[in-house]
Amino acid sequence: MTEVKLFSGTNSHELAEKISKHYGKKLGDLTISKFSDGEMSPSFNESVRGCTVFLIQSTNPTADNLLELCLMIDAAKRASAYKVCTVIPYYGYARQDRKDRPRVSIAAKLIANMLTSAGADRIMTCDLHAGQIQGFFDIPLDHLNGSAIFVPYLERLNLDNLIFAAPDVGGVARARSYAKHFEVEMVVCDKHRKRANEVASMQVIGDVEGKDVILIDDLVDTAGTLCKAAQIIMDKGATSVRAIATHGVLSGKAYENIENSVLQELVITDTIPLRQKSSKIRVLSVADLFAKAIHAVTGNTSISALFI
């Protein structure tokens, strides 16, 4: 086996420290220098020749962190690393995975090409916006599932009248998997958008009266959809509403929206650093999940045990 080394990008240093601790190895020494005009120049301060290198970096905010990751990959390849594996807890631009209107980019595919062209040999990520994005890569991709983090937490809540809800039609499969595991029913919030981040109308398909509802999504951005869905569900007679989302993008007025909503709590993971604290936001860590996946990859064993 080759020596394994873990390095962190600027954006995910706190999570990378946790992953390295669970993995049982200290983070490697990497410096990201910046010129006055913003140009970045990563350099490894230790040898990676012949090593299997894991580069940990979420791409949010997207532009700088994505470019930094590509430069880190290139630096590792040029330093004669044996394999370069990129750990991307949050994969930015995943929402742009198809042409849903004329003359737009399929950005999720473009980013996949960029990472591959930079020299990545393997990608490891969690809860892509759409599962088919895995097919955009011509290199191995390990797609971890946040349910391994959320299911134990939900089981500890011990809710009597549990039911799951998809905040939109696109999230039905995700909510159904939770409902199937807990052997309960699910409902769907059907929404119509006028433009990005703005919901024009929404209705609930299914009965939520007297239920403890859990909204399931892969990410929460401005929280507009989530909060509106929670309000409509409560108006339909639900006892309580919680929300679970793997990636807390939380841009714009997200924190304000969540604090002023009927949500009892929003549970997210630390794939993206939290910008500010909120009494309604609970953060669970994916560090152990990624550490186990890295162990499986380096030990050539199956990662199936990490899925619920």
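Q: What does Arg95 count as, at 38% relative accessibility?
A: Arg95 counts as partly exposed. Buried means under 20% relative accessible area, exposed over 50%, and partly exposed in between, with a 1.4 Å probe and protein chains only.

Q: Where do these values come from?
A: This is a predicted model, in which local features need pLDDT of at least 70 and side-chain atom pairs count only at pLDDT 80 or more, while totals for chains, interfaces and linings use all residues. Residues are numbered from 1 along each chain as its sequence is written, and side-chain values use heavy atoms, with hydrogens and water left out.

Q: OK, back to Arg95. Which side chain does Arg95 meet in a salt bridge?
A: That of Asp221, at 2.8 Å from N to O. A salt bridge is a side-chain nitrogen of Lys or Arg within 4 Å of a carboxyl oxygen of Asp or Glu. Asp221 lies in the loop between strand E11 (212-220) and helix H6 (224-235), and Arg95 in the loop between strand E5 (83-88) and helix H3 (107-118), so the pair ties together parts 126 residues apart in sequence. Helices (H or I, at least four residues) and strands (E, at least two) are DSSP runs, numbered from the N terminus.

Q: And Asp221, buried or exposed?
A: Buried, at a relative accessible area of 12%.

Q: How many salt bridges does the structure hold?
A: It holds 13. One of them joins Asp218 to Arg174, with the closest N and O atoms 3.8 Å apart. Asp218 is in strand E11 and Arg174 in helix H5 (residues 172-182), so this pair ties together parts 44 residues apart in sequence.

Q: Where do Phe7 and Phe44 lie?
A: Phe7 is in strand E1 (residues 4-8) and Phe44 in strand E3 (residues 40-44), so the pair ties together parts 37 residues apart in sequence. Phe7 is buried at 0%, and Phe44 counts as buried at 15%.

Q: Which residues do ring pairs link into a cluster?
A: Phe164, Tyr178 and Phe182.

Methods
Rings of Phe, Tyr and Trp (its six-membered ring) pair if their centres lie within 6.5 Å; planes under 30 degrees apart count as stacked, over 60 as edge-to-face and the rest as tilted.
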